[in-house]
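Here is a short briefing on how two parts of one chain meet. Have a look at the model first, and then we can walk through the interface together.

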Amino acid sequence: MGMKCVGVDVGGTSVKIGVFEVTGELLHKWEVPTRKEEGGKYILNDTAASIRKTLEELGIPLEEVKGVGMGVPGPVMPSGYVEVCVNLGWRDMYPEKELSEMLDGIPVKSGNDANVAALGEMWQGGGKGYDDIVMVTLGTGVGGGVIIDQKIVAGKHGLAGEIGHIHIRDDETESCNCGGVGCVEQISSATGIAREARRKMAAVDTPSVLRTFGDKVTAKDVLDAAKEGDSLACEVMDVVGHYLGLALAQISMVTDPEVFVIGGGVSKAGAFLIDVLYKHFDKYTPISQNKSGIVLAKLGNDAGIYGAARLILD
C-alpha cells in the first residue's frame with residue numbers, strides 16, 4: 001500500500017472530503033453538512049470524525065496518511081492563522097492546529113479555498129502540465145488563485161489572487177460586498193452578468209429573447225442567448241468580456257502565467273466564453289504575440305479537494 005493524502009474543502013453548506021493516492025488519483029470522496037451554529041465550532045470535529053470513520057471503512061490506517069490539506073473560505077495567513085471566515089462564523093482560529101490535534105497529530109496544511117482550487121486545477125485539471133497558472137472562478141462571486149512554480153502565491157496578507165476585487169469599472173455606482181465599488185466580481189460573476197442584462201434591458205428597447213425572463217434572467221440565459229446570436233445578449237457579453245479581458249491583461253502584465261484557467265458555473269458556457277475573453281484579452285495585450293493561453297477548468301466542484309490534498313505534498 002502506498003501513502004495516501006486527504007483533501008478537505010470547507011464550504012458554507014457542506015464540507016467535501018476526498019482520499020487520494022499521492023500520485024493524484026482520487027480513491028473516494030464524500031461530504032458532511034457544515035454545522036455553522038455557535039460560531040462554526042462543530043465543523044472541524046465533524047470533519048475529523050468523518051475522516052476517521054471513512055478511513056476505517058476503507059481499511060486505511062491513519063499511519064498511512066501523509067497528511068490532510070484543507071481549503072477554507074477566507075484568507076489564511078502564512079502561520080495558519082484565520083482571522084475570519086464570514087460564511088462559517090469562524091473568528092481568530094488556527095484550524096490546521098485544531099484539526100491536527102483531533103487526528104492524532106498528523107500534519108495539516110490549509111489555504112484559501114480559491115487558491116487551493118487553483119492548485120487542484122494545476123495538479124490534475126485544466127492546468128495540468130503547467131507550472132504557472134492563474135485560475136479565475138466565475139460563480140456567485142469571482143475567486144482567483146495564482147500558482148507560480150507549482151506553489152500558491154498567497155501574499156503577505158492572504159490577499160493575492162483576490163481577482164474578483166480588482167477595481168475595474170469607474171462608472172459603477174452600487175457597492176460590492178467587499179465594500180468597494182466597480183469590482184470585477186460585480187460584472188463577471190453569475191450575479192453580475194444577470195444584473196448587467198437587467199440594466200441593459202431597462203436602458204434600451206432592442207427586442208430580445210431575454211425579455212421573456214424579465215427580472216428573473218440568469219447568467220445562463222444570457223450566455224445561451226448570446227450563443228444563438230441574440231443581439232442584446234451579445235452586447236451584454238461584450239461588456240462582460242471587455243472588463244474581464246482587461247483584468248486578465250493587467251494580471252498577465254504582473255504574473256504572465258502560461259495559462260489562465262477559467263472555472264465556476266459561468267465557465268459551463270465553454271468555448272464561446274473563452275473566445276469572448278480572448279478577443280478582449282488580446283486587444284489589451286498588444287505588446288507581444290507570445291502570451292498566456294485561456295483554457296477551461298476541468299475538475300468542477302472537486303478542484304478544492306484535489307488542491308487541498310496537493311497542499312500536503314510540498
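How many residue pairs are in polar contact between domain 1 and domain 2? The count is one residue pair, with both residues at pLDDT 80 or more; a polar contact is a pair of N or O atoms within 3.5 Å, where within protein one must be able to donate a hydrogen and the other to accept it, and residues adjacent in sequence count only if both atoms are side-chain atoms. This is a predicted model, in which local features need pLDDT of at least 70, side-chain atom pairs count only at pLDDT 80 or more, and totals for chains, interfaces and linings use all residues. Residues are numbered from 1 along each chain as its sequence is written, and side-chain values use heavy atoms, with hydrogens and water left out.

**Layout**
- Domain 1 covers 4–120 + 302–312 and domain 2 covers 129–298, with bounds from an automatic or database domain assignment.
- Their C-alpha centres are 29 Å apart.
- Domain 1 brings 12 residues to the contact and domain 2 brings 16 (heavy atoms within 4.5 Å).

**Buried area**
- About 990 Å² is buried between the domains, 60% of it from carbon and sulfur atoms; this is the accessible area (1.4 Å probe) lost on putting the two parts together, summed over both.
- Asn-115, Ala-118 and Leu-119 supply 45% of what domain 1 buries against domain 2, more than any other three residues.
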